[in-house]
Amino acid sequence: MSNSERGGFHVTDRIASFLKGSLDPVSAAEVAGHLATCASCEMMASAIGHLQASVAVDAPVRVPASVWAQVDALEAASPVARLAGSFTSAIDAAVRSVSARTWGSLLSGEGARMAGLTVASLGVTALLLADGGAARQALVRNWINVGYYTDASGNQFGGYFDDVQSYYGYSAYGTTSSGGSTSSGGGSSSSDSGSTTTTTTTTVAAPVAAPASVVTVAVPGVPGLKVSLSASEAKNLQAGLAAAPAAALQSFNKVLSGMNPALAGATLKLMASVPADQAGKLISTVSALPAAQAGALLSGLAGLPAAEAGAMIGTASTLPAADAAAVFSAVADLFSAGGSVRFAVPGAVTRGANGVDAVTYNFDDGGAVAGINLGDEEVAGVSQASGGRTVLVVVKPGQQARMKRGKSGAWPNIALPVTAGPRAGLTPIVSPPADATDVWFEPVPATANEVQRGSLGGGSVIPLSPPFSITVAGSKGKVGFSLPSITVDPTMEFGYLTQANDAKGAFAGYTRADAKFVPATGRQEFDVNAADLGGAFMLPAAFQAAYVQNFSEGLRIYSGWDDMAADFGEAGPQFTTFKVVAPQIGNRIYVFNPVTGNYGWINADGVGPSGPPK
Amino acid sequence: MDLTTRFRGIADVVDGDSDDATLLSHVGRGHRDALELLYRRHGGSILRFLRQVCGSPELAEEVLQETLLAVWKGASRFRAQSSAQTWIFEIARRQAHTVMRRKRLEMVSDDALGDVSDSDLGPADLAIASATRDALNLALSKLSLPHREVIVLALIEGLPYGEVARITGVPVGTVRSRLNHARLAMRKLLDEAEMGPNAD
């Protein structure tokens with residue numbers, strides 16, 4: 001190593017920085033020391049110093065006026081895209097601009113003011129409205145990615161508002177469009193190039209006009225809880241309350257009284273917006289749940305957009321009471337688990353060739369980015385990220401759900417509660433791979449025989465419910481599953497069975513999913529190849545400990561149950577005791593091999609029943 | 001609700017003590033004072049660079065204005081993957097190349113050059129150190145564009161070689177190699193000037 005390369009770097013690389021005075025003191029001392037002893041570097045320093053002095057320019061003082069003139073022209077063309085002046089004054093200017101337009105009724109109140117403006121993922125901005133009241137809550141929904149937020153006192157916050165509820169009686173949500181167009185200038189591929197501009201087109205829902213006549217509804221049995229409704233809403237709510245049994249209503253009121261007053265009020269407003277019979281059924285269902293679950297359910301429902309909450313209540317009201325309670329219980333647990341939970345509003349229903357109605361769910365909004373227009377003027381933008389969201393899809397028995405990937409290409413996690421049978425409410429959560437185009441779910445599919453219904457394993461496998469079916473289409477990736485773990489008799493083990501198909505794709509039997517139990521969630525997680533999920537049945541089962549033993553030498557162990565499986569060689573010596581892990585498929589049984597400490601398939605005709613190993 | 005970051009009023013924090021990245025973030029939100037401050041800090045370096053790259057003070061002024069406008073428009077997308085100064089240099093260089101391409105000015109690509117031995121560089125530095133200011137500027141102007149760029153960024157502005165590599169879009173090794181060749185070329189140009197028709 002030469003003297004000019006001490007420490008793994010070239011001193012010569014830093015001579016120019018040294019002469020400019022931009023090195024830290026330690027490095028500067030090191031370079032100075034080297035220059036004192038190295039003639040060639042000293043000569044180089046002399047040359048660089050001479051160069052630096054030779055090309056000096058006068059230090060500029062101000063940005064040329066012509067630049068500001070161009071900035072002015074830009075802002076005149078898009079006044080809100082680049083708001084001039086201080087943050088607050090820009091917002092106030094936007095408020096004044098807005099109040100003269102459609103939003104007059106919304107912003108005419110003294111406290112109403114603009115609350116925030118943000119740069120979203122593509123540099124578009126988001127416009128939020130604060131209620132201006134004592135609560136100082138922002139009128140934002142959980143899908144708005146907020147960069148900055150200014151409260152009524154002028155304090156600014158930054159962060160991701162993922163669970164802020166709207167306590168304000170107006171809607172102000174941008175509807176997502178099919179996506180903006182992007183144009184790039186400068187020909188740079190750098191993400192920091194500063195040369196990419198994004199334009200978006202969209203519309204914004206008109207604010208809901210203040211009701212013509214407002215009445216205050218006092219809820220019997222819930223002191224202090226009042227909610228302002230229009231006369232027709234109040235009438236509807238009263239009809240809904242009257243539709244519920246008295247005992248259920250008493251229980252329901254108790255739940256309301258334990259809730260945050262704002263959320264309780266929002267719950268009543270929600271119930272006032274759905275048909276009275278549905279509201280009555282919801283009250284009955286909620287009253288059957290433990291108080292904590294009931295509170296979580298109502299709070300979660302009140303936080304959903306009205307259309308989603310209404311659709312959720314509408315779907316559940318068509319289920320038998322016990323099944324509805326089980327489904328709502330599962331939904332309450334989802335809400336309690338935190339994170340963003342949304343309800344998928346059902347779309348078109350088509351009758352399939354198999355006679356089953358398919359309900360379409362479109363996840364188009366996921367990941368979309370859109371601007372918000374007021375009149376012709378884009379004032380804001382919002383982005384919605386699919387990642388981390390859970391979307392709840394509730395489909396009735398006898399129907400199947402068809403979920404279509406959104407244009408953004410991102411899938412949320414999909415919660416698919418079983419809606420009938422002894423395990424109603426059991427909720428698989430599916431994480432489709434990005435390349436999947438469709439996901440199908442049937443909570444109660446038709447089964448051809450007892451084998452499909454899970455009667456396998458000579459009594460050592462006990463199905464805990466009829467199967468449900470899941471299909472993931474168009475993907476070669478792996479599908480993630482999270483399913484609840486069910487407590488079974490201590491002498492048994494719990495697990496999930498997934499369908500195994502023969503070479504022709506026909507049902508051949510069940511094999512046990514290689515699941516991992518997650519103590520924190522009480523759920524089992526496993527992956528399945530999407531290609532294996534063509535209408536695949538799944539079901540929860542309890543496994544009785546069972547053992548088999550080979551009575552002769554030469555028993556082989558295989559990688560699978562069919563003829564295509566690899567032969568792993570001899571399973572073990574004569575009289576080896578194998579633990580049965582999953583039901584028999586064809587002539588093979590899936591076992592744990594104590595000789596190798598691994599799993600594999602052995603021929604059933606090579607073994608016989610046995611007791612546990614001694 | 002995650003409110004992990006709290007901000008003071010922005011008008012209060014646009015001052016001379018703010019670092020470059022902070023100033024850029026304010027530029028991104030429309031604060032003209034922040035761009036003025038950035039310009040005061042880095043305008044001289046950028047202008048010096050552009051004059052050498054463009055070869056004319058008038059064209060350098062024109063590109064400088066394009067650069068400032070691009071910084072104004074793109075500041076909100078600065079992600080601090082490099083220093084703010086490097087980011088601005090990247091924009092300036094890109095604007096310069098765009099303008100020069102538009103005006104069909106010299107856009108010399110880097111020729112394949114052989115290795116340079118250390119023994120050649122000492123005389124080159126001696127020639128540079130003893131040249132007059134005018135001779136140096138003339139020699140600089142006659143260098144190829146890639147050589148001018150690395151001379152200005154690495155030697156005159158003193159940017160770390162890694163930053164120079166980012167700005168010019170080449171590996172650090174290429175930056176070193178270009179610098180060595182540029183020094184040799186400077187010596188050659190200075191020698192030719194000394195022995196030219198007006199030399200004694």
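Buried means under 20% relative accessible area, exposed over 50%, and partly exposed in between, with a 1.4 Å probe and protein chains only.

## Basis of the model

This is a predicted model: local features need pLDDT of at least 70, side-chain atom pairs count only at pLDDT 80 or more, and totals for chains, interfaces and linings use all residues. Residues are numbered from 1 along each chain as its sequence is written, chains are lettered from A and ligands numbered from 1 in the order in which they are written, and side-chain values use heavy atoms, without hydrogens and water.

## Helix α9 of chain B

Helices here are DSSP runs (H or I, at least four residues), numbered from the N terminus. Helix α9 of chain B spans residues 161-168. Its buried residues are B:Tyr161, B:Val164, B:Ala165, B:Ile167 and B:Thr168. They fall within an arc of 165° seen down the axis of α9(B), so they line one face of the helix. The arc is taken from the directions from the helix axis to the C-beta atoms. Just after α9(B), B:Gly169 has a positive phi of about 75°.

## Where α3(A) meets α8(B)

Helix α3 of chain A (residues 39-54) packs on helix α8 of chain B (residues 145-156) at about 105°, with the axes 10 Å apart. That makes the two roughly perpendicular (65 to 115 degrees). Axes are lines fitted to C-alpha atoms over the stretch in contact, and angles run from 0 to 180 degrees between N-to-C directions.

From α3(A) come A:Ile48, A:Leu51 and A:Gln52; from α8(B) come B:Ile151, B:Leu155 and B:Ile156. Contact means heavy atoms within 4.5 Å. A:Gln52 is buried, at 15% relative accessible area. Beyond four places in sequence, A:Gln52 touches A:Ala16, A:Leu19, A:Lys20, B:Leu155 and B:Ile156.

## Nonpolar cores

A nonpolar core is a set of buried Ala, Val, Leu, Ile, Met, Phe, Trp, Tyr and Cys residues joined through side-chain atoms within 4.5 Å. The largest has 78 residues, and A:Leu51, B:Leu50 and B:Ile151 have the most contacts inside it. Helix α3 of chain B (residues 32-54) gives the largest share, 11 residues. Another core, of 47 residues, lies apart from it; A:Leu263, A:Ala279, A:Leu297 and A:Ala309 are among them.

Neighbours within four places aside, A:Leu51 contacts B:Ile128, B:Leu136, B:Leu140, B:Ile151, B:Leu155, B:Ile156 and B:Met186.

## B:Arg40

B:Arg40 lies in helix α3 of chain B. At 45% relative accessibility, B:Arg40 is partly exposed.

Key:
Parallel < 35°, antiparallel > 145°, perpendicular 65-115°, else oblique.
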